Amino acid sequence: MKPRTKARSLALQVLYECDLTSHSPQAAMEERLKDETLDANLVKFAYDIINGVLPITHQLDDFIAQHAPEWPLDQVAVIDRNILRIALWEFAVEGCTPVKVAINEAIELAKIFGADSTPRFVNGVLGSLANRQQEIRQKFKKILTNQDEKTAHQN
């Protein structure tokens, strides 16, 4: 597995665990790192994914639901949802990964962690989302700006 794919894999496992339990992301990642050795920059990348996805999970899910209407999100496997969240965050929110790379990486994770039909499902949903990348990016800028303003007012 390529190094950045391994980092995504760890982030995926942590997000999956957090979805199913009340474990903190920090504790879940520390547990994973006991079994995996990653360079510091890859650990940071994994944490960036986790800390980027978790605060906006509901907003990511809203966009995913719009592009997979035949699959109600509560019926999509937890692992599949998290694969989609990571890829969408990477190319539409953070903009740290080119769309094609994010989709290919998501498909690789789907092959490793998902069911037989997961890679095709992930490819279809992300392909649809990629067609609206600029629109989604603009909406997330507004969402994140509003969250930052709320946080500033609370402090």
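Predicted model: local features only at pLDDT ≥ 70, side-chain atom pairs only at ≥ 80, totals over all residues.
Residues are numbered from 1 along each chain as its sequence is written, and side-chain values use heavy atoms, with hydrogens and water left out.

Val-53 belongs to helix H3 (residues 40-53), helices being DSSP runs of H or I of at least four residues, numbered from the N terminus. Apart from neighbours within four places in sequence, Val-53 is in contact (heavy atoms within 4.5 Å) with Leu-15, Leu-60, Arg-85, Ile-86 and Trp-89. In the case of Trp-89, which is 36 residues away along the chain, the C-alpha atoms are separated by 6.4 Å.

Helix H5 (residues 78-94) has a kink of about 30° centred on Leu-88, where the bend is the angle between axes fitted to the seven residues ending at a residue and the seven starting there. Because 16 of its 17 residues are buried, H5 is largely enclosed by the rest of the structure.

His-58 lies in helix H4 (residues 57-67), and its C-alpha atom is 9.8 Å from that of Arg-85, at a separation of 27 residues in sequence.

The axes of H4 and helix H7 (residues 118-130) come within 9 Å and cross at roughly 105°; such axes are lines fitted to C-alpha atoms over the stretch in contact, with angles from 0 to 180 degrees between N-to-C directions. H4 and H7 are therefore roughly perpendicular, angles of 65 to 115 degrees being classed in this way, under 35 as roughly parallel, over 145 as roughly antiparallel and the rest as oblique. Phe-63, Ile-64 and His-67 of H4 make the contact with Val-125, Ser-128 and Leu-129 of H7. These residues divide into 4 nonpolar, 2 polar and no charged, where Ala, Val, Leu, Ile, Met, Phe, Trp, Tyr, Cys and Pro count as nonpolar, Asp, Glu, Lys and Arg as charged, and the others, Gly among them, as polar.

Conventions: Helix = DSSP H or I, 4+ residues; strand = E, 2+ residues; numbered from the N terminus. Buried < 20%, exposed > 50% of the residue type's maximum accessible area, 1.4 Å probe, protein only.
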